Structures are given as structure tokens and as C-alpha cells.
Protein chains: 4
Amino acid sequence: MDAIEVGVLGATGVVGQQFVSRLARHPWFRCTWLAASERSEGKAYKSVAPWKLSTSIPGSAADRVVQACVPGKGPKVVFSGLDASVAGDIEQAFAAAGHIVVSNARNFRMDPLVPLLIPEVNADHLTLLGEQRQAKGWPGAIVTNPNCSTVVLAMALAPLRQFDVRACIVSTMQAVSGAGYPGVPSLDILGNVVPFISGEEEKMQAETLKILGTDGGRTPYAAAVSAHCNRVPVLDGHTMTISVAFEQKPSLAEIADALRNFSGRPQELWLPSAPQPPLVVTEEPNRPQPRLDADLGGGMAVTIGRLRDCPVMDAKFVALGHNTVRGAAGAAILNAELMHSEGLLG
Amino acid sequence: MDAIEVGVLGATGVVGQQFVSRLARHPWFRCTWLAASERSEGKAYKSVAPWKLSTSIPGSAADRVVQACVPGKGPKVVFSGLDASVAGDIEQAFAAAGHIVVSNARNFRMDPLVPLLIPEVNADHLTLLGEQRQAKGWPGAIVTNPNCSTVVLAMALAPLRQFDVRACIVSTMQAVSGAGYPGVPSLDILGNVVPFISGEEEKMQAETLKILGTDGGRTPYAAAVSAHCNRVPVLDGHTMTISVAFEQKPSLAEIADALRNFSGRPQELWLPSAPQPPLVVTEEPNRPQPRLDADLGGGMAVTIGRLRDCPVMDAKFVALGHNTVRGAAGAAILNAELMHSEGLLG
Amino acid sequence: MDAIEVGVLGATGVVGQQFVSRLARHPWFRCTWLAASERSEGKAYKSVAPWKLSTSIPGSAADRVVQACVPGKGPKVVFSGLDASVAGDIEQAFAAAGHIVVSNARNFRMDPLVPLLIPEVNADHLTLLGEQRQAKGWPGAIVTNPNCSTVVLAMALAPLRQFDVRACIVSTMQAVSGAGYPGVPSLDILGNVVPFISGEEEKMQAETLKILGTDGGRTPYAAAVSAHCNRVPVLDGHTMTISVAFEQKPSLAEIADALRNFSGRPQELWLPSAPQPPLVVTEEPNRPQPRLDADLGGGMAVTIGRLRDCPVMDAKFVALGHNTVRGAAGAAILNAELMHSEGLLG
Amino acid sequence: MDAIEVGVLGATGVVGQQFVSRLARHPWFRCTWLAASERSEGKAYKSVAPWKLSTSIPGSAADRVVQACVPGKGPKVVFSGLDASVAGDIEQAFAAAGHIVVSNARNFRMDPLVPLLIPEVNADHLTLLGEQRQAKGWPGAIVTNPNCSTVVLAMALAPLRQFDVRACIVSTMQAVSGAGYPGVPSLDILGNVVPFISGEEEKMQAETLKILGTDGGRTPYAAAVSAHCNRVPVLDGHTMTISVAFEQKPSLAEIADALRNFSGRPQELWLPSAPQPPLVVTEEPNRPQPRLDADLGGGMAVTIGRLRDCPVMDAKFVALGHNTVRGAAGAAILNAELMHSEGLLG
């Protein structure tokens with residue numbers, strides 16, 4: 001099969017760099033177009049992308065001349081790492097110009113006609129795209145992935161839907177890389193905890209119910225979700241403690257089995273970015289830990305540990321996922337892989 | 001009034017150092033006796049206490065010769081910073097020899113005849129001491145303070161008892177100083193989260209209900225408490241997110257008023273270590289933070305912020321307290337201050 | 001004596017906050033005027049100064065209305081915490097309007113007619129002010145304090161001038177608070193070292209020689225200084241390793257005596273901010289450490305440890321100072337105290 | 001070629017884990033024997049090695065039964081990750097029993113008959129082995145690699161020998177992983193610098209001169225080396241600032257060329273662990289940084305940056321190497337690879 005040409009909107013930011021880095025070694029996609037703000041236009045990528053990853057800037061991207069974000073230019077498939085302040089207008093314009101926009105931005109996530117996609121969880125939400133095209137009049141399309149903390153929670157809850165989740169309280173300990181660059185000032189977070197991330201709790205609560213919902217997410221999942229979001233001095237990996245109440249009363253063993261046996265379309269299709277298995281259930285008493293476990297499954301697995309009874313709700317456990325991989329660029333690329341397999345990038 | 005002579009058991013450890021440091025500038029107590037394991041006996045305090053505080057070792061303690069923990073020696077009132085591995089036998093022997101042991105160790109906390117005291121919350125539990133003396137046959141006594149994470153939760157819940165707390169889920173982000181010295185290896189916690197602290201969740205759950213209970217704690221408070229305990233790379237200050245359900249349905253304003261107006265015997269008596277007020281309710285959206293707020297009230301106040309509705313329970317908020325002050329040495333000293341004011345050290 | 005009224009230029013920044021905080025409890029100075037950029041003009045100080053210190057915002061400042069930096073307005077004596085991008089023009093205008101500007105900004109530090117003052121080291125450089133007034137035609141004056149890393153080095157070398165310092169190599173490990181706010185992004189420094197601070201090495205090298213020099217600093221001290229400047233994940237306190245070669249060949253004991261016996265005008269005059277002694281020489285093998293020692297002498301002392309032979313030069317040691325106290329606001333306030341004692345604020 | 005069987009002494013410690021992890025994917029060596037203290041004997045490796053690496057414990061090692069360190073048992077070639085407190089006796093006994101001991105311990109490093117080997121720098125020191133065998137009467141042999149900070153300095157200085165290094169002052173910022181496990185307590189190093197590492201400066205100074213010396217290191221290199229060693233809150237990667245004086249006076253360009261063109265036997269022989277090139281010279285102004293650059297060359301390269309004039313000596317620069325790879329297990333494995341290529345493992 002020929003490589004599929006793709007581009008990146010917002011290529012110079014931290015999420016954009018993640019796209020560029022991951023696409024450089026992707027078996028299906030070839031990144032041939034990098035776009036960013038006018039300030040970077042016409043310059044070599046390496047000179048305008050202050051490289052923040054521990055892997056080197058890919059040779060194939062370093063000297064590529066950055067383009068402006070002009071719809072109609074560039075490949076049909078574009079990944080968007082744009083900042084929310086500009087993503088709304090630009091992504092819409094690209095979809096209107098016929099591009100498939102696979103976006104990490106938050107702007108369209110809660111749009112009832114835009115899939116908020118986790119391929120293992122709600123691959124069926126892609127059926128929204130037909131309606132999206134009609135209603136919006138876009139020859140192209142927009143598909144989004146969730147917020148970096150939402151994805152960990154939604155992946156953990158997905159296999160538990162069989163027990164009818166009634167309520168869930170989650171308290172996060174989120175890495176600084178989730179805030180982009182320059183992001184969190186070191187004076188604020190060195191040796192500290194900041195128990196507030198603007199808009200994050202609302203996103204976790206609303207996005208989770210859309211993702212787990214039916215009818216493409218238009219009927220939200222009927223559970224109550226309460227999120228406490230905190231920033232901690234960790235580089236990569238969002239850790240969260242979760243208490244869950246069920247309508248059915250599964251035993252801990254049944255819950256553990258459900259988590260362990262969870263699998264979805266990406267695993268079935270052996271998509272290149274699909275972790276096998278998507279959920280890793282650890283037995284060790286003091287895991288998962290972001291520094292030791294965030295990279296499991298190439299950063300695409302979610303790790304779950306310390307499953308035990310909750311004196312208030314039914315069960316409680318710890319979940320962890322890599323916020324810039326499963327929670328950002330890796331998520332969008334997996335979305336594109338699924339769409340390609342379903343014939344939706346054509 | 002003449003100074004009250006006091007001693008410290010386990011004076012060379014980190015909690016012992018906190019006792020020595022705080023007692024050196026105490027208006028009522030004069031620390032004249034430092035005891036530790038045999039290994040330190042007969043040596044100058046400064047040569048056997050590897051000083052870990054940012055304040056200097058007090059001049060009055062530096063050259064004091066360390067004694068063995070022999071009951072009957074030393075002042076009547078002794079503070080105990082002993083390790084749990086030895087505290088049980090030694091504290092019991094001291095009480096049997098007529099000492100008043102004001103202990104930070106966990107060994108007797110759940111003993112039904114030993115007060116687990118937070119002076120603002122359950123000063124009336126001191127009435128246990130008569131029964132303790134009779135039942136145990138001790139001419140002396142043992143009084144304990146709670147675990148360093150428990151005290152923050154119990155202080156936050158105490159004023160909410162008027163609304164009949166039904167259930168509470170707490171997720172902690174605890175400082176490394178809570179683990180003593182050498183404590184948590186840096187390899188484990190630098191840039192990391194460890195979502196497990198051995199025995200901590202059980203202690204938080206059980207101790208909180210005893211503290212809030214009646215009949216000296218023998219009738220535990222009738223609520224369900226579920227704790228998730230995590231270690232984060234913070235030096236001092238335990239931060240925790242708390243969701244609470246009530247039998248009564250107070251408004252957020254009523255809850256805020258209850259927290260703000262909370263006060264107890266220490267405030268009434270203007271005890272030297274009493275924070276005024278005991279609970280600081282902050283309006284800033286991103287507070288409390290351990291680095292900015294742990295020292296409020298000389299480290300003895302608990303700070304509460306982000307009070308808001310909880311989609312699952314009734315209300316949620318963030319609480320923070322200084323784990324080595326309000327959670328250890330400062331707590332025990334406040335206990336002793338209350339006991340002195342009540343004529344119980346005489 | 002009546003309080004001396006003072007103002008603060010750049011009051012809303014981190015250095016400005018340090019000024020406001022320290023002046024609120026100063027025995028001589030009363031801060032009655034807070035000035036900042038036009039964006040803050042007319043607003044309450046607390047609403048435009050995003051408070052970054054662990055002490056609370058002083059009650060006397062919280063509601064004060066912030067003024068624009070207009071020369072001629074405000075008290076005669078103004079402290080400047082202005083950013084270097086604007087400090088040059090504003091400070092000059094204030095001096096021209098008759099103000100005594102006690103500045104922490106770098107703009108005038110290397111001006112041959114402006115004292116670069118460390119009161120313990122070169123109090124005599126204040127004699128420059130007469131010439132400054134004449135040459136510049138300013139009815140007022142400008143006095144500066146050194147860069148936050150320079151001051152530690154210069155304090156350590158000052159007592160060694162008696163042995164004729166020939167050369168010095170210094171390698172710093174600097175705290176993030178030295179970069180202001182937002183300053184260093186956490187993504188850059190968490191668990192990392194950044195071996196570069198723009199312009200810092202040049203400043204350390206040039207400023208040190210001016211400070212130790214004669215004729216008001218116009219004849220630089222005749223030694224070679226080489227600085228390696230590094231940022232490390234520390235909040236407060238610049239630590240540095242120093243190797244020194246001398247023309248005379250003092251023994252280690254003579255060097256230690258020189259450091260221990262060092263004292264200057266501030267100590268002689270018992271200025272309120274003067275540390276007694278200015279240099280603390282520690283015997284412990286693993287000190288000084290920023291977390292344990294930066295606050296010595298109220299943050300105004302420099303701590304020196306590990307004095308030993310250097311196989312390449314003559315001696316080596318470690319020095320530490322508090323970068324936002326002795327290296328910024330505290331330094332400027334000590335400068336003003338000296339000037340007041342010398343009758344230069346009148 | 002058949003795999004060469006190897007064993008690991010001290011397999012359960014952190015260095016031992018590094019050996020086990022790296023050997024599991026080694027193209028030449030097959031690790032079939034894990035030995036540790038009696039406490040671990042007879043137990044499954046995974047149950048006695050508290051795994052501290054972010055890669056998973058290799059499947060081939062997890063269930064292997066740990067043996068006692070008994071000479072004569074196990075493969076001919078053994079890697080030693082033993083603690084210095086026991087390495088002396090055990091390694092000697094193994095050599096006496098015919099084993100080739102490739103050791104990371106410090107005990108024999110300064111023995112005049114034991115090569116202190118960096119394959120790129122002093123491959124010729126292996127000629128000592130004949131004399132070692134004769135003088136010691138060992139049918140086996142001992143070869144060592146340097147201390148984790150020494151190796152970075154020695155690699156950086158090796159290509160500069162052509163300019164006759166006269167003197168060198170180095171100040172290190174060393175990662176906590178260099179201290180093993182549990183190693184540095186978090187209370188000591190979180191947000192702190194500890195300017196002392198016991199014995200480290202002496203090791204850096206002496207080992208460097210042996211490595212760069214002639215006659216198998218018995219004639220030390222004729223330069224003066226002075227080391228300042230500091231611990232910083234970094235996980236992996238020792239960063240150091242270096243000033244060097246030369247007898248010849250090379251230009252910066254000549255120094256840069258010498259560093260860039262440096263290569264040795266491992267590169268010539270394309271040994272599996274050899275980094276290509278061994279020294280990476282970076283042009284970026286704020287590099288190398290441990291978090292971004294320690295993994296270069298699979299952790300086996302040393303990165304050098306900020307080459308510039310030194311006002312005191314001739315040139316100065318920053319060097320960085322991965323302390324647990326190039327500074328420990330990776331170094332020993334490269335030593336064994338060289339020995340195999342030279343026919344010395346046979």
C-alpha cells in the first residue's frame with residue numbers, strides 16, 4: 001500500500017511536535033506538510049519549533065518549510081494540534097474545504113455532530129460523520145479525541161458499562177506536559193500541588209459521558225461523574241484515583257476480569273498504534289506510577305492497579321495514562337488509523 | 001507561672017527533632033530531658049540527631065546528653081516521637097511508671113481507653129483518662145494525636161457534623177516528610193506519584209470515625225469514609241480532595257459558614273499553639289497549595305478551598321494541612337497545652 | 001525618628017512583591033506608594049499583583065491603589081524592581097526628577113558613575129554619588145545592587161582580597177526564583193539541569209570585578225574570573241562551587257579565619273537588615289544546602305562550606321546565598337539603610 | 001556465532017538490574033546465571049529484585065532462580081554489580097577460580113594491575129591482563145570500568161590529550177540514580193542541592209589520570225584535576241562544567257574538531273554497544289541537558305556543548321553522560337564486547 005500523505009496544523013507547538021515525531025516513524029502515514037501561524041510561515045521547521053521532546057527532531061521534518069494554515073493547501077488528511085484560541089475557525093475552514101481534520105483541540109469535542117472518539121470505546125460514533133457532512137455542508141470532516149485526563153477515565157470505565165456504572169468520583173494528579181509549553185511556571189509547581197486546572201473538571205465530566213453514550217454520543221451515558229483535577233510536579237503521565245458505584249453489584253474479581261479482557265476495534269484490526277492489551281491491570285501494590293508505567297503499550301495503554309472495595313461506593317482503583325501520547329497526538333493518530341481501516345480517509 | 005518541665009522520647013528522629021525545635025521556643029514547656037535508643041545514650045544530642053529541619057538545632061538542646069528511654073527517669077510529662085516498632089512497650093512502661101505520655105505514635109490511637117485527640121474537635125474525649133487509669137492501672141496516662149493525613153480530614157469534617165455527614169471520599173497528595181527519614185527514596189518519588197502508602201488508608205478511615213465519635217470515641221461516628229492515599233514530590237503539607245454527602249442538605253453557603261465559624265477549646269483558651277482561626281477558608285480559585293499555605297497559623301491551621309457542588313455527592317472541596325506540624329509534633333504539643341489548661345498534667 | 005517614606009517602582013512583579021513584603025515590617029521605612037505599568041494603574045494592589053510569596057500579602061499594601069511610574073510623584077526614595085526592558089528610561093527620569101532610586105535592575109550597574117553596592121564590601125563606592133550628580137545633572141541619584149549570583153561570589157571573595165586573588169573559577173547551581181515569574185517553564189527544569197542562563201556569566205564576571213575594584217569600581221579588581229552558570233530545580237538559593245588562586249599563598253586556616261572574621265559597615269552600624277555575621281562558615285561536610293541554609297541571617301547571610309585544597313588552584317569551597325533576598329530586594333533595602341546612615345537619603 | 005553465556009554478580013541491586021535488562025536484548029551475550037547475597041538464594045529473581053527500571057523485568061530473567069555468589073559456579077564471564085562492601089573478596093575469589101570478572105565496583109579500579117577501561121580511550125590498557133594473571137596467580141581476570149562521573153570527564157578529555165592537557169577543573173551536577181537504591185532520601189534532595197558526595201571527588205581525580213595515563217595506567221597522565229561534586233534532583237544523567245588549560249594553545253575550532261572527530265576501537269569494530277559517534281558536540285546554546293540528552297547513543301554517548309573561551313584557563317564547556325548506562329552497566333558490557341573482539345573472553 002502507498003503511504004497516505006498527511007499534514008499537521010499547529011506543527012510548531014508541543015502537540016504539533018508530538019505529531020511530527022510520531023508520524024516520522026509511522027508505517028502508513030507520511031507527513032509532507034507542516035502548517036503553523038504566519039509568524040513561522042516560510043521558515044525551516046527546525047528554526048521555529050523549539051524542540052521539547054527527548055527524541056531528536058526527525059530528519060524528514062527538520063528542514064521542511066512551514067506553511068500557513070490555508071484550507072485547500074496540503075494533504076487531504078490533516079492532524080490538528082492547534083491551540084483552542086484558533087482551532088475553531090481553522091478546523092471548520094479546513095473541513096469546509098474538503099479536508100479530514102483529525103483534531104486534538106477541544107473546540108468541536110462537544111459538538112453533537114462531531115465524534116469524540118476513543119477507538120476502543122466508541123468506534124461506532126464514527127457513523128456520525130454522514131450526518132455531520134449533511135448538516136454542516138462540509139465535503140470534509142472533523143473528528144476529535146478527548147482531553148488528556150478524560151481518555152484515561154473513559155478507557156477505565158468503558159469495560160465496566162456492563163455493570164451499569166451509576167456514579168464515579170475521580171481525583172487526578174496531572175503532569176505538567178498536559179499544559180503545553182511554556183505552560184506551568186516552575187515557581188508554581190516545583191515541590192507543590194496546584195489543586196485547580198481551568199475548565200478541566202467540566203471537560204472530564206462532560207466528555208466522559210458523551211464518549212460512553214449512545215447515538216454517537218448524543219445520548220450521554222446515564223451516570224454521575226465528579227472530577228477533582230490537580231497538577232503535580234510530574235513530567236508525563238496523568239494518575240487518578242477512582243471510586244465507582246454500579247447498578248449491578250459485580251465482585252472485584254468480575255471487575256478485574258472485565259478490565260483485563262477489554263479489547264476493541266484497534267486490537268481486532270491490529271492498528272499500528274493499538275496497544276495490546278489496551279488496559280494493563282497490575283497486581284503490584286504500589287502501581288501504577290507515572291514514571292514507571294506511562295510508557296506501557298508505547299504510551300497508548302492505560303494501566304490500572306489497586307482494585308479494591310470502596311467503603312462509600314462499590315469499588316476503587318488507580319488509573320494512569322500517558323497524557324501526551326494516549327491523551328493527545330497518539331490518540332489522534334489512532335483515530336486516523338481506525339478511520340483509514342474503515343475506509344473513511346479515502 | 002513556672003515552666004513545666006518536659007522530656008522527649010525518640011528525640012533523635014525527625015518527629016523528635018520537631019518536638020525539640022518547637023519546645024525550645026515554647027512559652028509554657030521547658031524541655032530538659034532527651035531520650036533515645038541505647039545507641040545514642042550518653043552522647044551529645046547534636047552528635048546523634050542528624051538535623052533535618054531548616055531551622056537550626058536549638059542551643060539549649062545541642063549539647064544536652066541523650067538518655068536511655070528508662071521509665072521513671074525524666075520529667076513527668078514526656079512527648080513521644082518514638083517509632084511504632086518500639087513505641088508500644090516503651091509508652092506503656094512510662095505510663096505505668098507515672099508519666100503523662102503525649103504521643104505521636106500510632107500504637108495506642110485505636111485503644112478504646114486512649115483519647116485520639118484533636119483539641120478543637122473532641123476535647124471532651126479527655127474524660128477517658130479516668131477510666132484509662134482505672135482499667136490499665138497506670139498512675140500516668142497516654143494521650144495520642146492522629147495520623148498526619150487524618151487530622152486534616154477530621155478538622156475539615158468536624159464543623160460539618162451539624163449537617164450529619166453520611167459519607168466522604170478523600171484522595172490525598174501527601175508530602176515526603178510524612179514518611180520520616182530516610183523515608184521515601186528519591187528514586188521513587190522524583191517526578192513521580194506513588195499511589196500507595198502502607199496502612200494509611202485504613203488509618204484515615206478508622207481514626208477519623210473515632211475522632212468524630214462520641215463516648216470518648218468508643219461510638220464511632222456513623223458515616224462511611226473512603227480514602228485514596230498517594231505520595232507526591234512535595235516536602236511539607238498534605239493536600240486532599242474531599243467529596244462529602246450529608247443527611248441534611250446544607251447549601252454551599254451554609255457549609256462555608258460552618259467552616260469559617262469553626263472554633264474550639266484551644267481558640268477559647270488562647271492556647272499558645274492554637275491557630276486563630278483553626279480553619280482558613282480561601283476564596284482564590286487555585287488554593288490551597290502546600291508550598292504557599294502549609295505554614296498558615298504557624299503550621300497549625302487547616303486551609304480549605306474550592307468549595308463547590310459535587311455532581312455525585314453533595315459538596316466537594318480541597319483541604320491542606322502541615323503534616324509535621326499539625327500532623328505531628330505541633331498536634332501533640334497542642335494536646336499537652338489543652339491538658340495543662342484542664343489541669344491534667346498536674 | 002520618623003519613618004522614612006518610600007515607594008516601589010515595578011511593585012507588581014516578583015521583585016516588587018519582595019520589596020512590598022519586606023518593607024511592610026521594616027523598622028525605618030514606610031512604603032506609601034506603589035507604582036507599576038499603566039495596565040495596573042488605578043487598581044488595588046492585591047488585584048494586580050499575582051502574589052507568589054509564601055508569606056501573605058501585607059494588609060497595608062493589599063488595598064493600596066497602584067500608581068503609574070511618573071517621576072516627581074511619590075516619595076523621594078524609591079526602590080526599583082522594574083524589568084530591565086523599561087528600567088533604564090524610568091530610573092533615569094526619576095533620578096532627574098530628584099528621586100533617590102535604589103535599584104535592583106541591571107541597567108545602570110556597569111555605569112562608571114553608579115555605585116554597584118554591597119554594603120559589607122564596597123561601602124566607599126557611595127562616594128561616586130557626588131560625581132554622578134554633577135556629571136549626570138541629576139538632583140537625585142541611582143544606586144544599584146548586583147545580580148543575584150554575583151553577590152554571593154563577591155561576598156565570598158571580599159575577605160580574601162588581603163591574599164590578592166589572582167583567579168577564580170565558579171560554577172553555579174541557580175534557583176528558579178532568580179528568573180522571576182512566570183520565568184522558567186516547568187517542562188524545562190523539572191528533573192533537569194539547564195546549563196545556560198542568558199547573560200549571567202558575563203554579568204558575574206564583570207560585576208564582581210567592579211564591586212571588588214577601587215575608585216568607586218572604575219578600576220576593576222585585577223583578577224581573572226570565569227563563571228559557568230546553571231539552572232537547577234531549586235526554589236530559592238544559589239549554590240556555587242568556587243576555586244580560587246592567590247598571589248599570596250594563605251593556608252586554609254588563614255582563609256577560614258578571613259571568612260569568619262569578615263564584617264563591614266552594616267555590621268558596625270547594626271543596620272536592620274545586616275546579617276551578623278555576614279558570612280557563615282559551616283563545618284558540616286555536606287553543607288551549605290539551599291533548602292537548609294538559604295534563610296540564614298534572615299536570608300542576608302552567605303554561607304560557605306567545604307573549604308579545602310584545590311589540586312589546580314589554591315583553595316576551593318562552596319558558597320550559597322538567598323537569591324531573592326540577598327540577591328535582590330533585601331540587598332537594595334540594605335543599600336538604602338546604609339545610605340540613610342550615611343546621610344545620603346536626606 | 002554462538003551466544004556467549006554470562007552471569008551477573010549482585011544481580012538484584014540497581015546496577016545488577018541494569019545488567020539484566022541490557023543483557024536480555026544483547027546480540028552476543030546470553031545471561032544464564034544470576035547471583036546475589038544468600039538472602040536471595042533459591043528464590044525467583046522477580047521476587048527478590050525490587051524492579052526500579054522503567055522497562056519491564058525481562059521475561060527470561062523474571063523466574064530464574066537466584067544463586068549464591070560461589071566461585072566456580074556459573075559461566076566463565078561474569079559481570080559484577082556488587083556493592084563495594086563485598087565486591088573485593090568476591091571478585092578476587094571469582095578471578096582466582098578462573099572467571100573473567102567485568103566489574104562495575106570500585107574496589108580494584110586503582111589496582112595497578114587491573115585495567116580501568118574505557119574502550120574508546122585506553123583499549124591498550126588491556127595488555128595489563130597478562131601481568132595481572134602472572135602477578136596475582138589468577139587463571140581468570142578482573143577488568144573494571146570507571147566511576148559514573150569519571151567516565152564523562154575522561155571521555156571529554158581523551159581527544160584533547162593531543163593538546164597536552166595541563167589542568168582541569170570540573171564541577172558536577174549528578175543524578176540521584178548514581179547513588180543506587182534506596183540511595184538518596186527524598187527529604188535530602190527534593191528542591192535542593194547537596195554539594196558533597198562521599199569519596200567522589202577523590203575518585204574522579206585519581207581515576208581520570210589513570211585512564212588517560214600510559215603503561216596500562218601505571219604512569220598517570222601528567223595533569224592536575226580538581227573536582228567539585230554535587231548531587232541535584234535529577235533522575236538520570238550527570239552534567240558537568242569543565243574548564244581546561246593546555247600546554248599547546250589550541251583554538252576553539254581545533255578543540256571542537258578534536259571532540260567531533262574522536263573515535264576509538266569500539267567504533268572501529270562496530271561493537272554492539274558502541275555509540276556512533278562517542279562524543280556528540282551540540283551547537284544549541286542551552287544544551288546538553290540531562291533530560292533531553294542523556295539517552296543519546298543509547299545512553300552510551302557523551303554530549304558536549306557550550307564550548308567557549310575561559311577567562312581563567314583556556315577553554316570551558318559542559319559535558320553530560322548517562323550515569324547508569326555509560327557510567328555503569330553499559331560501560332561494563334562495552335568492556336566485555338571489546339574483550340571478546342580482542343579474544344580475551346575465550
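Residues are numbered from 1 along each chain as its sequence is written, and chains are lettered from A in the order in which they are written. In this predicted model, local features need pLDDT of at least 70, side-chain atom pairs count only at pLDDT 80 or more, and totals for chains, interfaces and linings use all residues.

Student: Why is Ser263(A) called partly exposed?

Tutor: A residue is buried with 20 or more other C-beta atoms within 10 Å of its own, exposed with 12 or fewer, and partly exposed in between, the C-beta atoms being placed from the backbone. Ser263(A) has 15 such neighbours, so it counts as partly exposed.

Student: Which residues does Ser263(A) contact, leaving aside its neighbours within four places in sequence?

Tutor: They are Glu268(A), Pro277(A) and Pro278(A), where contact requires C-beta atoms, placed from the backbone, to lie within 7 Å. The C-alpha atoms of Ser263(A) and Pro278(A) are 6.4 Å apart, although 15 residues separate them along the chain.

Student: What makes H13(D) largely enclosed by the rest of the structure?

Tutor: Of its 17 residues, 16 are buried, so H13(D) is largely enclosed. Helices here are DSSP runs of H or I with at least four residues, numbered from the N terminus.

Student: Where is the kink in H13(D) centred?

Tutor: The kink, about 50°, is centred on Ala331(D); the bend at a residue is the angle between axes fitted to the seven residues ending there and the seven starting there. Gly343(D), which follows H13(D), has a positive phi near 75°.

Terms used
Two residues are in contact if their C-beta atoms, placed from the backbone, lie within 7 Å. Helices (H or I, at least four residues) and strands (E, at least two) are DSSP runs, numbered from the N terminus.
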